[in-house]
Amino acid sequence: MSARKDRRGGFPLRLATGLAAGLLATALLAGCTSARSNLGTTDSACFLALPSATKAVGAHSKFIGVHLYTLASLRKNAPHLYETLPSQPASNQRICAIAFMGTFTKTSVSHPLGLASGTVAVVVLKTPSNQLLGTVLFNHAPVRFGHSH
């Protein structure tokens with residue numbers, strides 16, 4: 001009889017230990033996923049602009065990457081891209097540059113700027129409004145859009 005009582009008495013303890021271990025594992029996993037939810041970049045705000053950018057270039061393209069700039073930082077970091085944009089009065093205006101690879105012509109993209117055709121299209125949108133400033137065509141990306149891992 002005493003063996004039965006030990007089993008019954010041990011069951012609630014094992015259940016409590018199992019539940020505690022499960023809650024701990026859940027908390028650890030939640031911590032890991034929430035730390036990566038913004039992809040670890042300052043450009044993550046631009047991912048909201050992806051549907052608008054994809055619409056500007058069409059479905060036949062491959063996404064390369066995004067960058068968040070102010071017009072002033074774009075002028076410094078990507079002068080070729082900056083020079084093709086229509087003039088904007090506010091240098092602190094935040095914009096998203098979203099790059100795609102494919103075969104593009106001025107007739108195949110929305111608001112074309114730059115070359116008549118190219119293998120890289122950089123869609124430039126104001127943020128947070130996602131207003132399209134233009135789709136700039138290049139033969140090579142004007143800045144590095146991918147992350148080195």
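**A colleague's note on this structure**

1. Let's start with the surface. The accessible surface of the protein is about 9500 Å², and carbon and sulfur atoms account for 61% of that area. Please keep in mind as you read that this is a predicted model.

2. Now for the overall layout. The protein is built from 4 helices and 5 strands. Followed from the N terminus, the order of elements is α-α-β-α-α-β-β-β-β.

3. A word on burial and contacts. The protein has 149 residues, and 30% of them count as buried. If you take the contacts between residues at least 6 apart in sequence, 55% of them join residues at least 24 apart.

4. How many disulfides are there? The count comes to 1 disulfide, formed by Cys46 and Cys96, whose sulfur atoms lie 2.1 Å apart.

5. Cys46 sits in the loop between helix H1 (2–35) and helix H2 (50–57), while Cys96 belongs to strand E2 (residues 94–105).

6. Finally, are the two cysteines buried or exposed? Cys46 has a relative accessible area of 0% and is therefore buried. Cys96 is buried too, with a relative accessibility of 0%. The cut-off for buried is under 20% relative accessible area.

Methods:
Residues are numbered from 1 along each chain as its sequence is written. This is a predicted model: local features need pLDDT of at least 70, side-chain atom pairs count only at pLDDT 80 or more; totals for chains, interfaces and linings use all residues. Side-chain values use heavy atoms; hydrogens and water are left out. Helices (H or I, at least four residues) and strands (E, at least two) are DSSP runs, numbered from the N terminus. Buried means under 20% relative accessible area, exposed over 50%, partly exposed in between (1.4 Å probe, protein chains only). Contact means heavy atoms within 4.5 Å. Accessible areas come from the Shrake-Rupley method with a 1.4 Å probe; for residues, only the protein chains shown count as cover. A disulfide is a pair of cysteine sulfur atoms within 2.5 Å.
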